[in-house]
Amino acid sequence: MHSLNYVICLNNYYRDDASIRTLLNYADKLHLGLTTGINCSANATAACHEFLLVNSYYNKEPARYIRHFAFTSDTIKDEQELLRIAYQIGLFFVNDFQVFIGIHNDTKYLHAHFIMNTVSFRTGKIYDGYYTEKEQLLS
C-alpha cells in the first residue's frame, strides 16, 4: 500500500494586517496546543505581531509576503507525530524566515498548516524558491 503525502498551496492575497491575524488564528483554530513557531512565537497572536514587525522594519507590505500551505499524509494518525514532522518540514525554510505551524484534526486526515513570512528577518530579502523547492519537501 502506498502512502500519500501532499503539500497543498493555499496562497491567497491577504489584504491587510487583520487578514494575516485571521490566517494565523485559523492555523490555531482548534486550540489543541498543537502549534509551533520557527523563528517566531508558537502563539498565533504573538507570531502575527512578529511577522508584522519584520515586514515593517524592512518596509514591506505584509499582505503581499505571506505564504500559506498545508501538508497531509494518510499514514500519520497521531497529532504529536504530525507536529514533529511538520516542524522538520518547517526547518526547510528556517535559515532566514518565520514559519508558524498549526495542526488540524477536523478532516479525514490530520494536516498541518504552515504560515510563512517570506520576508527574511535577517536581510529583508524575499523568499523566491517556494514553488521550485516544494517538490524537495516531499522527497
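**Fold and aromatic pairs**

Tyr127 is buried, its relative accessible area being 11%, where buried means under 20% relative accessible area, exposed over 50% and partly exposed in between (1.4 Å probe, protein chains only). The model is predicted: local features need pLDDT of at least 70, side-chain atom pairs count only at pLDDT 80 or more, and totals for chains, interfaces and linings use all residues. Residues are numbered from 1 along each chain as its sequence is written, and side-chain values use heavy atoms, with hydrogens and water left out.

Tyr127 forms an edge-to-face aromatic pair with Phe97, at 5.2 Å centre to centre and 75° between the planes. Rings of Phe, Tyr and Trp (its six-membered ring) pair if their centres lie within 6.5 Å; planes under 30 degrees apart count as stacked, over 60 as edge-to-face and the rest as tilted. Phe97 is also buried, at 10%. The two residues are 30 apart: Phe97 is in the loop between helix H3 (79-91) and strand E4 (98-104), Tyr127 in the loop between E5 and helix H4 (130-138).

By this rule the protein has 3 aromatic pairs. Another of them is stacked, because the ring centres of Phe69 and Phe114 are 4.7 Å apart and their planes lie at 5°. Phe69 belongs to strand E3 (residues 66-73) and Phe114 to strand E5 (residues 111-117), so this pair ties together parts 45 residues apart in sequence. Phe69 is buried at 0% relative accessibility, and Phe114 is buried at 0% as well.

In total, the protein has 4 helices and 5 strands, which are DSSP runs (helices H or I, at least four residues; strands E, at least two) numbered from the N terminus. Their order along the sequence is β-α-β-α-β-α-β-β-α. Of the 139 residues, 47% count as buried.
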